[in-house]
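I opened the model today to look up a few local features. These are my notes, in the order in which I took them.

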Amino acid sequence: RERLQQLTLRSQGITFTVYGEKDGLERIFPFDFVPRIIPAAEWKGLQDGLVQRITTLNLFLADIYQDQKCIKDGIVPADLILSRKEYKRQLLGVIPARKIFTHVVGTDIIRDDKGEYLVLEDNCRVPSGVSYVLENRNLLSRVFPEFLGSYPVRPIKDYPTLLLETLRFVAPRRGQNPVVVVLSPGIHNSAYFEHSFLAREMGVPLVEGRDLVVDGGLVYMKTSGGRRRVDVIYRRIGDDFMDPLVFRPESMLGVPGIMEVYRKGRVALANAVGTGVADDKAVYAYMPRIIRYYLGEDAIIPNVETRICREPDGLAYTLDHLDELVVKPVGESGGYGIVIGPRSSAAELEACRARLKADPRNFISQPMVRLSVCPTLAGEGVRPRHVDLRPFAVTGKD
């Protein structure tokens, strides 16, 4: 069965890219035979907590790009939002179609050694990984068909359909069959397998920036039959690369002029540009009070205890307990720049201390949570291994 799954992975090209590795770019995605089982009642609590959190994120984003009431009311400090590079001033007053900023959110959730679920971080920009979820289930059903035949496992195969419905829901043209595309940086991106997978499963074109052009205030796709107007772009390109006329002028990945079309409401972008400020790790620390401010409720899924190094008390505590804490740069994603104190050398800790002192606003710290474990096939047998969880939520009509 191990051989069967390896053959399947290779034949289908289910890979991911590790940047900086010397032994080749692409790797076969690791697959574990032992499924992680979450009982339905437990999942219901997670689902309720995620709906609450993502509803809040959309309200928060709409507010900070319009009236900024949460800043005026002292819920979050003004400079915490306005000084972040993820906050795009160019989009002040621009509200996306149907007032949805975060069409797809992948929330990283962990479980501590007491069995409590905690939110580790929100991913509101271009979260990756759902294609591996879907392929994992497909592979499990091929290699161990008896698993899914013996138990009432909830299906996940309708995800591409739900995603396409959401993308069509936010199209600027009503009453027509909107043209949806997936915009990818190209084959060398670490998540290119996912880009091509989702485009194929949704039955929509996979394009790169060079395949799109702005003309007459609209976005068109170049095709063998001529230009075709594009209504919705599921973008897998970061904000700063979307439009060289507005953001990074050297970008070759985006489409010159696309942000002006977006401002005028003639094309929809999912997720909206500027959502990165909501998954900033410093903003994360304020999420419990942000939820209370917009919804009048306590957070259903709590945060990991977090200290904000831009605050004197938070910085002092972090510096005093550096060897016990996990230090994270606030604007990064994908685990880049993280220092795990208990596993770092003295030299690494001193380098981290210097960075903290030089730019405390750019860091938060958290205790090293004792993660729960799951049985995992490793080597000659089943072993306990630490796990986390990334559920994906799609926001459209609901």
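**Entry 1: Glu 86**

I started with Glu 86, whose side chain makes a polar contact of 2.8 Å with the side chain of Lys 85. I note here that the model is predicted. I placed Glu 86 in the loop between α4 (78-82) and β3 (104-106). Is Glu 86 buried or exposed? Its relative accessibility is 6%, so I put Glu 86 down as buried, the cut-off for buried being under 20%.

**Entry 2: aromatic rings**

I then went through the rings and found six aromatic pairs in the structure. Phe 144 and Phe 147 make one of them, a stacked pair with 4.8 Å from centre to centre and 10 degrees between the planes. Phe 144 counts as buried because its relative accessibility is 15%, whereas Phe 147, at 27%, counts as partly exposed.

Tyr 293 and Tyr 294 form an edge-to-face pair, with centres 4.9 Å apart and 75 degrees between the planes. I read 27% relative accessibility for Tyr 293, so Tyr 293 goes down as partly exposed.

I also noted a cluster in which ring pairs link Tyr 65, Tyr 87 and Phe 101.

**Entry 3: arginines over rings**

Next I looked for charges over rings. The charged end of Arg 98 sits over the ring of Phe 169, and I noted 4.0 Å to the ring centre. Arg 307 lies over the face of Tyr 317, 3.6 Å from the centre of that ring.

**Entry 4: helix α12**

Which residues of helix α12 (residues 312-320) are buried? I listed Gly 314, Leu 315, Thr 318 and Leu 319. These four lie on the same side of α12, because they cover an arc of only 125 degrees around the axis. I kept in mind that residues three or four places apart in an α-helix point the same way, because there are 3.6 residues a turn.

The face turned away from the buried side of α12 carries the exposed residues Pro 312, Asp 313 and Asp 320. I then asked what the buried residues of α12 pack against. I found β13 (307-308), β14 (325-329), α13 (346-358) and β16 (363-367).

**Entry 5: the four-stranded sheet**

I followed the strands from there. Four of them form an open sheet with antiparallel pairing, in the order β13-β16-β14-β15. The edge strands are β13 and β15 (339-340), each of which pairs on one side only. Between β13 and β16 I noted two bridges in the antiparallel sense. Ile 308 has Ile 364 in β16 as its bridge partner.

**Entry 6: hairpin β17-β18**

I moved on to strand β17 (residues 373-378), which runs antiparallel to strand β18 (residues 381-386) and is joined to it by six bridges. Ala 378 is opposite Gly 381 in β18. Two residues lie between the strands of this hairpin, and I noted a positive phi near 65 degrees for Gly 379.

Not counting residues up to four places away in sequence, Val 373 touches Pro 384, Arg 385 and His 386. I also took the C-alpha to C-alpha distance from Val 373 to Arg 383, which is 9.3 Å at 10 residues apart in sequence.

Strand β8 (residues 212-215) and strand β9 (residues 218-223) run antiparallel and are joined by four bridges. Asp 215 stands opposite Leu 218 in β9. There are two residues between β8 and β9, and Gly 216 in the turn has a positive phi of about 60 degrees.

β9 is also joined to strand β10 (residues 226-229), by four bridges and again antiparallel. Here I noted Tyr 220 opposite Arg 229 in β10. The hairpin of β9 and β10 likewise has two residues between the strands.

**Entry 7: Thr 395**

I finished with Thr 395, in the segment after β19 (392-394). With 16% relative accessibility, Thr 395 counts as buried. What is Thr 395 in contact with, leaving aside its neighbours within four places in sequence? I listed Ile 54, Asn 58, Ile 100, Thr 102, His 103 and Thr 166.

Conventions. Residues are numbered from 1 along each chain as its sequence is written. This is a predicted model: local features need pLDDT of at least 70, side-chain atom pairs count only at pLDDT 80 or more; totals for chains, interfaces and linings use all residues. Side-chain values use heavy atoms; hydrogens and water are left out. Buried means under 20% relative accessible area, exposed over 50%, partly exposed in between (1.4 Å probe, protein chains only). A polar contact is a pair of N or O atoms within 3.5 Å; within protein, one must be able to donate a hydrogen and the other to accept it, and residues adjacent in sequence count only if both atoms are side-chain atoms. Rings of Phe, Tyr and Trp (its six-membered ring) pair if their centres lie within 6.5 Å; planes under 30 degrees apart count as stacked, over 60 as edge-to-face and the rest as tilted. A charge sits over a ring if NZ of Lys or CZ of Arg is within 6 Å of the ring centre and within 35 degrees of the ring normal. The arc is that of the directions from the helix axis to the C-beta atoms. Contact means heavy atoms within 4.5 Å. Two strands pair if DSSP finds at least two bridges between them.
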